[in-house]
Amino acid sequence: MAYLDIHHLQKSFGAHRVVKDFTLGIEKGEFVSFLGPSGCGKTTVLRMVAGFETPTLGTIRIGDRDVTGLPANRRKIGMVFQAYALFPNLTVEENIGFGLKVAGEGKAAIARRVGEVLELIGLAQLGSRYPFQLSGGQQQRVALARALAPRPQVLLLDEPLSALDAKIRVSLREEIRRIQQELGITTIFVTHDQEEALSISDRIVVMHQGIADQVGTPFEIYNRPATRFVAEFVGTLNLVDADVVDAASGRVRVGEVAVALNRPLVARAGERISLALRPETVSLGRTEGRDVVLSGRIAEVHFLGSVIRIRVAVGGQVLSLDTFNQPDRPPPAVGVPVEVSIARSDLLVVAA
Amino acid sequence: MTGKRLWSWFAVALGGLYFLLPLAGMVDFSMRMKRGEYSFEAYRIVLADPQFQQTLGYSVLLALLTIVLGILLVVPTAYFVRLRLPGLRPIIEFITLLPLVIPPIVIVFGYIRIYNTSSVLPLTGTWWGTNLLLLFGYATLALPYMYRSVDTGLRTIDIASLTEAAQSLGAGWARILAVVILPNVFVSVLSGAFLTLAIVIGEYVFAALLNVNSFGPYMVWMGGNRAYEPSALAVVAFAITWACMGLIQIVTRFSRFSTVRR
Ligand SMILES: Nc1ncnc2c1ncn2[C@@H]1O[C@H](COP(=O)(O)OP(=O)(O)OP(=O)(O)O)[C@@H](O)[C@H]1O
Ligand SMILES: [Mg+2]
């Protein structure tokens with residue numbers, strides 16, 4: 001059995017079912033992200049693990065212990081909040097030492113551990129400051145240190161980076177990952193930022209309307225989305241209409257072009273299905289290995305720096321494609337007729 | 001523009017005169033005890049009076065106890081109402097306002113009827129009982145000020161997150177209230193506390209009807225029996241009140257940390 005075991009969890013607020021049958025096992029030392037749009041129930045699941053909400057149904061086990069009915073202050077869980085929630089009346093050191101003091105540890109032991117953790121987050125010289133004397137990024141590190149100091153069984157982070165600006169967000173997320181791996185602590189990280197989730201997680205749970213749509217490694221989630229929701233939510237996606245010619249052998253028609261997917265389809269002949277395609281799998285012009293060639297016209301060009309996103313009108317549809325910037329080759333002009341090529345294996349068939 | 005300016009100054013001056021003239025008159029009168037010269041004779045007599053020292057000491061002690069009781073009563077109540085029962089807030093607020101609406105004389109008559117010597121709980125029969133009754137009565141009188149200031153203080157901090165952070169670190173309710181909540185609303189609690197001090201020190205009705213020798217009845221007795229000393233006493237009482245107000249300012253200014261940006 002997994003170290004942290006969430007079993008058929010449900011939560012209703014009044015008649016509103018917010019979490020519907022959520023099951024997940026997390027191994028010891030694993031870093032799992034909950035990714036999903038606003039209001040899908042990420043925070044609610046996390047708060048049930050922390051003990052701040054009582055599940056309507058289902059159980060939560062940590063180690064060998066059923067903690068479903070255990071109050072929050074006896075769960076040995078470290079929690080980091082979006083709004084830092086540092087105690088304004090305590091110094092950084094006192095904030096970090098709070099949990100140890102509650103646990104009844106001696107002064108010397110507390111001082112040693114606080115020093116250790118301050119070192120870990122790289123703020124050793126700021127121990128005697130008050131929270132209001134720190135920047136947002138520093139405050140969040142202190143909050144992380146405070147959560148880690150009592151050596152919790154599980155670390156929970158609820159959108160810890162959302163209040164910070166972009167640069168710090170990236171550096172702090174890498175630091176969180178480094179510290180997590182160094183300590184080997186079992187971690188759940190809630191975010192609605194897919195890049196964040198993809199970059200630091202061992203596994204991602206994509207949540208949608210109170211259920212886990214897909215659980216998998218970032219690579220799996222991105223390249224083999226199980227549902228249309230996952231495909232659309234994670235990364236940018238082209239959806240291409242295709243008419244099924246023969247379901248058993250997987251032959252379809254995209255506009256005027258016949259494409260053999262070489263996979264059986266769960267659809268009847270003549271039915272219209274959606275094929276999904278990442279922008280980076282579409283190339284401008286004919287490319288070796290990409291044997292499905294469609295012709296169209298440049299509709300939009302977005303210069304994003306290292307990447308250029310081009311939108312090409314093909315038949316009645318618009319395909320996005322990404323190319324790298326090349327200093328000696330300016331991007332094509334709008335209206336120019338072009339050909340785009342796709343590898344048939346990159347075409348994803350996603351369930352509705 | 002200048003015309004408007006002039007009129008506002010005129011209004012301020014008028015208001016100032018309305019408040020300051022009687023005060024100035026009182027100070028002036030209190031210093032005329034010796035014929036033909038200004039002196040602090042009346043103050044000397046008042047301050048040297050053992051009755052003054054005893055009643056003021058008693059009232060200050062009672063005020064401090066009232067403050068402690070008020071904090072113990074109000075901080076947890078205001079905290080839990082905000083955290084768990086926000087729907088109850090208007091009701092609690094209404095209850096805390098009642099002491100402003102119901103005259104003290106009515107309250108104290110109620111006390112005397114309920115707790116007289118022939119009742120089930122004859123509090124008025126003993127010294128301890130009477131003092132306890134007075135303490136509870138004063139805590140009631142202070143409730144509107146105490147509750148309001150604490151509640152305002154709680155609004156400036158994110159009590160839900162702080163509570164959850166403390167809980168996840170293993171803290172129970174008592175520790176959360178004492179270590180996390182109280183210190184962060186301390187400045188607000190203090191302003192409520194100083195108002196309480198001012199109220200209790202000058203209170204007359206409760207003390208007189210419960211027959212307790214506190215500072216209020218002493219002032220009234222002085223007023224009825226002496227000429228110059230009551231004015232001196234009034235000035236002293238005024239000074240104490242203003243000193244309290246000043247202390248609020250100082251403490252607010254010099255608190256080490258601040259949850260609100262200054
Ligand atoms: N205490 C509560 N009472 C009633 N409804 C609630 C309560 N807490 C959350 N909800 C509802 O549950 C749903 C899920 O909320 P939750 O906070 O878990 O979403 P989330 O996935 O964390 O979203 P976000 O990304 O915006 O933080 C929302 O529709 C919210 O309105
Ligand atoms: Mg949330």
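1. Between chain A and chain B, four residue pairs make polar contact across the interface, with both residues of each pair at pLDDT 80 or more. The model is a predicted one, and the points below should be read with that in mind.

2. By residue class, the side of chain A that touches chain B holds 15 nonpolar, three polar and three charged residues.

3. Next, the extent of the interface. Contact involves 21 residues of chain A and 21 residues of chain B. The size of an interface is often given as the accessible area lost when the parts come together. For chain A and chain B, the buried area is about 2,000 Å², and carbon and sulfur atoms account for 64% of it.

4. How many salt bridges does the rule find across the interface of chain A and chain B? There is one. The salt bridge joins R47(A) to E164(B), and the closest N and O atoms are 2.8 Å apart.

5. The second topic is ligand 1. The shell around ligand 1 has 13 residues, and those that come nearest are S38(A), G39(A), K42(A), T43(A) and T44(A). The shell is made up of seven polar, four nonpolar and two charged residues.

6. Which elements of chain A each supply at least two residues of the shell around ligand 1? They are strand 2 (16-26) and helix 1 (42-50). Helix 1 of chain A gives the most, with three residues.

7. In K42(A), an N or O atom of the side chain is 2.8 Å from an oxygen atom of the ligand. For T43(A), a polar side-chain atom lies 2.5 Å from a ligand oxygen atom. T44(A) likewise has a polar side-chain atom 2.5 Å from an oxygen atom of ligand 1. Ligand 1 taken alone exposes 640 Å², and the protein buries 60% of that area.

Note on methods:
Residues are numbered from 1 along each chain as its sequence is written. Chains are lettered from A and ligands numbered from 1 in the order in which they are written. This is a predicted model: local features need pLDDT of at least 70, side-chain atom pairs count only at pLDDT 80 or more; totals for chains, interfaces and linings use all residues. Side-chain values use heavy atoms; hydrogens and water are left out. A residue is near a molecule or strand if one of its heavy atoms lies within 4 Å of it. A polar contact is a pair of N or O atoms within 3.5 Å; within protein, one must be able to donate a hydrogen and the other to accept it, and residues adjacent in sequence count only if both atoms are side-chain atoms. Accessible areas come from the Shrake-Rupley method with a 1.4 Å probe; for residues, only the protein chains shown count as cover. Helices (H or I, at least four residues) and strands (E, at least two) are DSSP runs, numbered from the N terminus. Ala, Val, Leu, Ile, Met, Phe, Trp, Tyr, Cys and Pro count as nonpolar, Asp, Glu, Lys and Arg as charged, and the others, Gly among them, as polar. Contact means heavy atoms within 4.5 Å. Buried area is the accessible area (1.4 Å probe) that two parts lose on being put together, summed over both. A salt bridge is a side-chain nitrogen of Lys or Arg within 4 Å of a carboxyl oxygen of Asp or Glu.
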